[in-house]
Amino acid sequence: MGKVESIRLAPMSLAGDEEPLARGRHTPELLDVLASGDPAAFAIDSRERVVFWNQGAAALLGRRAEEAIGRHCYDVMGGRDVFGNRFCYANCPLAAMSRAGETPGAFELRLPGNGHGGEPTTVHVTVVRLPGPRADLYTLVHILHPVNERERLARALERYAPASAGAAPAKAEQGAAETNPANDAAGSLTPREREILGWMAAGLQNKEIARRLDLSLATVRNHIHNTLEKLGVHSKLEAVSLAYRNGWVGPEDGPGKG
């Protein structure tokens with residue numbers, strides 16, 4: 001398992017009533033999933049301070065953990081939306097939604113050349129909201145995937161090319177998608193397992209899922225266990241990340257759809 005750059009934060013107490021990240025009830029799962037640094041990820045508390053920053057984030061954003069942890073995320077990131085408008089600021093839309101108990105959807109963010117001579121980059125951001133001991137205490141995990149804009153432009157040009165020229169690439173892409181092992185694994189999920197995966201992506205815990213679906217907690221746990229086995233992952237957060245990367249769930253679909 002790779003080194004977690006934020007592990008040095010373990011004994012540090014956060015301000016107010018919030019617990020240290022290393023003592024939080026979600027910590028073992030969070031550290032287990034993100035320790036390798038793939039995918040790149042960081043986490044903030046409910047006061048918008050960075051409390052976790054893995055090696056993937058350090059490599060992608062050009063900023064070491066000690067330069068990020070303890071600071072406000074908007075000071076560290078300085079991100080802008082796809083139109084160039086400033087997105088990262090105090091009480092940003094993500095913070096407002098989280099305080100209202102809503103789970104933010106995935107989005108793209110353009111980041112300046114942070115750190116030591118880093119190049120500007122565009123990232124796809126998936127946010128997972130982990131509730132804390134009180135409604136106003138939570139952790140927002142940001143999972144980052146770099147966007148290759150040149151490749152995206154090439155794909156867009158292919159779509160607008162004449163049908164005869166674009167037919168072969170389209171078939172090739174379709175064949176690749178059909179042979180993707182991850183998609184095969186997703187296809188093996190039952191409707192109930194897909195529904196529960198959707199609620200997991202929405203940030204609900206096992207007890208909340210059980211209440212919504214009128215199931216016993218043991219039944220929900222069994223469905224989640226089977227889902228993790230079929231997807232070949234070891235934790236719920238890893239399953240949610242895989243689902244977002246492959247488009248099985250998304251803000252436009254809603255939990256349980258697809």
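Visitor: Is Arg192 buried, exposed or partly exposed?
Guide: Arg192 is partly exposed, with a relative accessible area of 29%. Keep in mind that this is a predicted model.

Visitor: And which residue does Arg192 meet in a salt bridge?
Guide: That's Glu195, at 2.9 Å from N to O. Glu195 is partly exposed too, at 24%.

Visitor: How far apart are Glu195 and Arg192 in the helix?
Guide: They're 3 residues apart in helix α9 (residues 191–201), so about one helical turn separates them.

Visitor: How many salt bridges are there in total?
Guide: The count comes to 6. Another one of them links Glu66 and Arg64, whose closest N and O atoms are 2.9 Å apart. Glu66 is partly exposed at 47%, and Arg64 is partly exposed at 39%.

Visitor: What about Arg49 and Asp45, how long is their salt bridge?
Guide: Those side chains meet at 2.7 Å, N to O.

Visitor: Why does Arg49 count as buried?
Guide: Because its relative accessibility is 16%, and buried means under 20%. Asp45 is buried as well, at 3%.

Visitor: Asp45 falls in β1 (40–45). Which strand is β1 joined to?
Guide: β2 (residues 50–53), through 3 bridges, and the two run antiparallel.

Visitor: OK, holes now. How many cavities of 30 Å³ or more turn up?
Guide: The search of the whole structure finds 3. The largest cavity has a volume of about 170 Å³. It is lined by 18 residues, and the closest to its centre are Cys73, Cys88, Cys92, Leu94 and His142.

Visitor: What classes of residue make up that lining?
Guide: For the largest cavity, 16 nonpolar, 1 polar and 1 charged. The elements giving two or more residues to it include β1, α4 (73–77) and β5 (138–146).

Visitor: How much space lies in the largest pocket?
Guide: About 320 Å³. Of its 19 lining residues, Gly101, Arg129, Pro131, Gly203 and Glu208 are the closest to the centre.

Visitor: Which elements supply at least two residues of the pocket lining?
Guide: β4 (121–131) and α10 (206–213) each do. By class, the lining of the largest pocket divides into 9 nonpolar, 4 polar and 6 charged residues.

Definitions and conventions. Residues numbered from 1 in each chain as written. Predicted model: local features only at pLDDT ≥ 70, side-chain atom pairs only at ≥ 80, totals over all residues. Heavy atoms only, no water. 1 Å grid on protein atoms, 1.4 Å probe; cavity = no way out; pocket = protein on both sides within 12 Å on 5 of 7 lines; lining within 4 Å. Points joined across faces, edges and corners; volume = space filled by probe spheres on them. Helix = DSSP H or I, 4+ residues; strand = E, 2+ residues; numbered from the N terminus. Nonpolar A, V, L, I, M, F, W, Y, C, P; charged D, E, K, R; others polar. Pairing = 2+ DSSP bridges. Salt bridge = Lys/Arg side-chain N within 4 Å of Asp/Glu carboxyl O. Buried < 20%, exposed > 50% of the residue type's maximum accessible area, 1.4 Å probe, protein only.
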